[in-house]
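The sequence and model come next.

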Amino acid sequence: MTMASAPALLSRRPHAPPPALVLWRDLVLPLCRVHELCGQARRTLALHVAAQAGGPVIWITRRHSPDQLNPCGMAGILPPGDVIFAATDRPDDSLWAMEEALRSGAAPVVVADLAEPPAMTPVRRLHLAAEAGAEVGLCRPLGLLLTPGAGGAPGIETRFRCDPAHAPGQTAWRVERLRARMLPPKVWRLTDNRLTHWSEPATG
């Protein structure tokens, strides 16, 4: 190390945070990375992410899954015309399609709706594909793995859980940050497209 390079290394200026997609100020998803959404309302949360990022959205589903998206239900969050659907027969095919879509950099958000969390190696490949897509494509792609229950995919950047928390006359969801590299776990209530602390009473 030369004396000329020492000031740069010893600078007290904070490092700039990586580019991220921010929902409701508090829910942060770094770009060029793969995130896991779990819980009963994981698809609802994924639609909110996709709406914030903008289309087109590539949504990879299992061909014979009973939990296909309903365009009428989507319309209140994201125009169905912004979504490109791809159906696969095997989990490996879904992960391959997601990897290729991320690597292309053609869509800001690529979603894979899975029956169970993938292993570490596929997740690493997806991260690398997202980074490559940012270099060759038109955007910094973000990958969303949708998994049932409490999730559990290893190596993901963040994990959020979303479940219904409806009350009479009110539609609401419980959103929980289960994992993030630089942030602690936290729980919110999502009502009327507004995120509040879970301890706060819901507002009409």
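The largest nonpolar core of this predicted model has 30 residues. Here a nonpolar core is a set of buried Ala, Val, Leu, Ile, Met, Phe, Trp, Tyr and Cys residues joined through side-chain atoms within 4.5 Å, and buried means under 20% relative accessible area with a 1.4 Å probe, protein chains only. Leu27, Leu45, Val57, Trp59, Leu144, Phe160 and Val175 have the most contacts inside this core. Its largest share, five residues, comes from helix α2 (residues 42-53); helices are DSSP runs of H or I with at least four residues, strands runs of E with at least two, numbered from the N terminus. Apart from this core lies another, of 19 residues, including Ile58 and Val110.

Val175 touches Leu27, Leu45 and Phe160, among others (heavy atoms within 4.5 Å), not counting residues up to four places away in sequence.

Nine strands form an open, mixed sheet in the order β5-β4-β6-β7-β3-β8-β9-β10-β11; strands pair if DSSP finds at least two bridges between them. β5 and β11 stand at the edges with a single partner strand each, so one side of each has no neighbour in the sheet.

Helix α4 (residues 91-104) packs on the sheet and touches these strands:

| Strand | Residues |
|---|---|
| β3 | 34-38 |
| β4 | 57-62 |
| β6 | 109-113 |
| β7 | 142-146 |

Helix α4 also touches β5.

Strands β8 (residues 158-164) and β9 (residues 172-180) pair in the antiparallel sense over seven bridges. Arg159 stands opposite Arg179 in β9.

Residues are numbered from 1 along each chain as its sequence is written. Local features need pLDDT of at least 70, side-chain atom pairs count only at pLDDT 80 or more, totals for chains, interfaces and linings use all residues, and side-chain values use heavy atoms, leaving out hydrogens and water.

Terms used: Buried < 20%, exposed > 50% of the residue type's maximum accessible area, 1.4 Å probe, protein only. Axes fitted to C-alpha atoms, helices over the stretch in contact; angles between N-to-C directions.
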